[in-house]
Amino acid sequence: MVANMAGLTPEHIEALKACGELNETAADRMIENVIGTMSLPVGVATNFVIDAKHYLIPFCLEESSVVAAASNMAKRCLVNGGFRSNNDAPLMIGQLQIMECSEPKSAEKVLAGASEELMALCNSLPSTMVRLGGGCKRIETRTIQTLSGPMVILHIVVDCRDAMGANAVNTMAELIAPRVEELTGGRVHLKILSNLAVHRLARIEATFTPEEISNDGTKANGEAIIQGILEAHHFAVADPFRAATHNKGVMNAISSVALACGQDWRAIEAGCHAYAAFGKEHYGSITQWERSDEGNLIGRIETPMAVGIVGGASKVHPAAQANLAILGVESAQELAGVIAASGLSQNLGALRALATRGIQAGHMKLHSRNMAVSAGAVGEEIETIAKRLQAVDGPKTQTVVEQLLKSLRSE
Ligand code: MEV
């Protein structure tokens with residue numbers, strides 16, 4: 001029906017029907033109104049050593065240069081031991097929005113007094129997470145002023161162990177809502193987790209010497225590049241317009257690794273971007289770069305990372321399972337660190353390129369084959385056009401590619 005309504009060609013229909021590793025039954029179980037599946041390349045980034053453990057990191061995305069840049073930058077901190085992580089426990093926040101409390105401050109007091117009871121109620125949920133030592137660990141309250149009047153906001157802080165935890169947290173929030181209404185005399189409206197997972201931060205740090213950052217192995221060249229990277233970073237810190245693009249580069253890796261590993265990458269993106277503005281005057285950089293007293297470049301990332309290795313798509317998607325097996329992570333916390341390290345590395349790749357020869361040179365080298373295909377090149381033409389495009393001195397636009405194909409075919 002969809003094919004008829006949209007006037008799809010037989011090629012379109014075949015493309016949607018080709019199920020790949022996710023068969024029709026599995027796809028149909030995952031979402032509604034399934035008409036097909038879509039594939040994206042999975043590539044592995046190399047050279048990643050985090051806390052002395054070596055990783056091959058699967059990325060799933062359509063953009064060229066990303067896997068290469070992440071691998072290249074990861075290599076440059078190997079002499080200093082690679083990446084170091086310091087990740088929070090897997091604590092998620094569930095929010096209850098309490099309206100119509102006649103005295104918000106006394107409602108907050110009542111909730112604080114009933115915290116043991118409310119936590120016990122949350123943890124009465126029959127769940128593996130609770131059996132394994134997770135579950136609700138504390139509650140927090142705030143009163144906020146809104147267009148709908150004052151609201152008491154109750155946070156349940158839940159240790160999700162190796163799960164991302166959305167289902168358990170949402171269920172707990174719904175479970176305690178009637179008791180919260182009794183206690184406060186208010187009306188509980190929304191009951192839902194927050195993606196701004198400020199208690200579930202992944203932290204990664206890495207050190208790069210000028211020699212490793214350089215193009216030619218010299219300290220002087222490396223120092224000049226480090227200076228350029230710092231100037232690029234300061235631009236992102238000061239300007240939300242630049243920060244959005246800077247962070248997009250970070251997310252090129254974070255979202256791709258998350259997707260490859262069957263994570264809810266939209267939840268991760270929401271958390272990362274929200275944290276980039278959290279407690280600040282304006283939205284800024286997800287990463288931090290500075291020069292140490294010894295003249296080395298130090299990179300840091302601290303960002304919410306709500307991921308899981310049990311439950312969700314990580315368990316039902318066969319390719320996600322394979323990618324997690326390649327990664328070899330043993331906990332959600334470990335996965336969080338790997339994803340954050342990939343983001344930091346990716347960001348350095350973009351900043352280093354932007355601060356030196358510009359982004360297009362490297363990007364176009366890998367993208368030229370895609371452009372040739374888009375222009376209609378087939379078979380051996382693709383490689384020939386890609387090579388000729390790289391040799392073009394000047395802008396490498398799609399129009400140029402079309403002209404190259406036209407002249408190749410007239411030879
Ligand atoms: C492109 O996908 C990502 C970059 O724009 C990131 C950046 O500007 O830092 C290159």
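**Figure 1. Pairing of strand 3 with strand 8 at Ser 85.** In this predicted model, Ser 85 has Ile 204 of strand 8 as its bridge partner. Strand 3 and strand 8, the latter formed by residues 201-208, are paired in the antiparallel sense over 2 bridges. Strand 8 is mostly covered, since 6 of its 8 residues are buried. In a regular strand, the side chains alternate between the two faces of the sheet.

Figure 2. Glu 205 and Arg 300 form a salt bridge, in which the closest N and O atoms are 2.9 Å apart. Because Glu 205 lies in strand 8 and Arg 300 in strand 10, the pair ties together parts that are 95 residues apart in sequence. Glu 205 is partly exposed, with a relative accessible area of 26%. Arg 300 is also classed as partly exposed, at 30% relative accessibility.

**Figure 3. A salt bridge within helix 5.** The count of salt bridges in the model comes to 18. One of them links Glu 108 to Lys 105, with a separation of 2.9 Å between the closest N and O atoms. How far apart are Glu 108 and Lys 105 in helix 5? They are 3 residues apart in this helix (residues 104-113), which means that about one helical turn separates them. The two partners may also be described by their accessibility. Glu 108 counts as buried, at 11% relative accessibility, whereas Lys 105 is exposed, with a relative accessible area of 58%.

**Figure 4. The salt bridge of Asp 264 and Arg 266.** The side chains of Asp 264 and Arg 266 meet in a salt bridge, with an N to O distance of 3.3 Å. Asp 264 counts as partly exposed, at 31% relative accessibility. Arg 266 is likewise partly exposed, and its relative accessible area is 46%.

**Figure 5. Surroundings of the ligand.** Which residues surround the ligand? They are Glu 63, Arg 242, Thr 245, His 246, Lys 248, Gly 249, Asn 252, Ala 350, Leu 354 and Ile 359. Glu 63 places a polar side-chain atom 2.6 Å from an oxygen atom of the ligand. For Arg 242, a polar side-chain atom lies at a distance of 2.7 Å from a ligand oxygen atom. Lys 248 also has a polar side-chain atom 2.7 Å from an oxygen atom of the ligand. On its own, the ligand has 300 Å² of accessible area, and the protein covers 82% of this area.

Figure 6. How many disulfides does a search of the whole structure find? The search finds 0. The closest cysteine sulfur to that of Cys 77 belongs to Cys 261 and is 19 Å away, which is too far for a bond. Cys 77 is buried, with a relative accessible area of 0%. Cys 136 is in no disulfide either, and the nearest cysteine sulfur, in Cys 122, is 4.2 Å away. A disulfide requires the two sulfur atoms to be within 2.5 Å. Cys 136 is buried, and its relative accessible area is 4%.

Notes. Residues are numbered from 1 along each chain as its sequence is written. This is a predicted model: local features need pLDDT of at least 70, side-chain atom pairs count only at pLDDT 80 or more; totals for chains, interfaces and linings use all residues. Side-chain values use heavy atoms; hydrogens and water are left out. Two strands pair if DSSP finds at least two bridges between them. Helices (H or I, at least four residues) and strands (E, at least two) are DSSP runs, numbered from the N terminus. Buried means under 20% relative accessible area, exposed over 50%, partly exposed in between (1.4 Å probe, protein chains only). A residue is near a molecule or strand if one of its heavy atoms lies within 4 Å of it. A polar contact is a pair of N or O atoms within 3.5 Å; within protein, one must be able to donate a hydrogen and the other to accept it, and residues adjacent in sequence count only if both atoms are side-chain atoms. Accessible areas come from the Shrake-Rupley method with a 1.4 Å probe; for residues, only the protein chains shown count as cover. A salt bridge is a side-chain nitrogen of Lys or Arg within 4 Å of a carboxyl oxygen of Asp or Glu.
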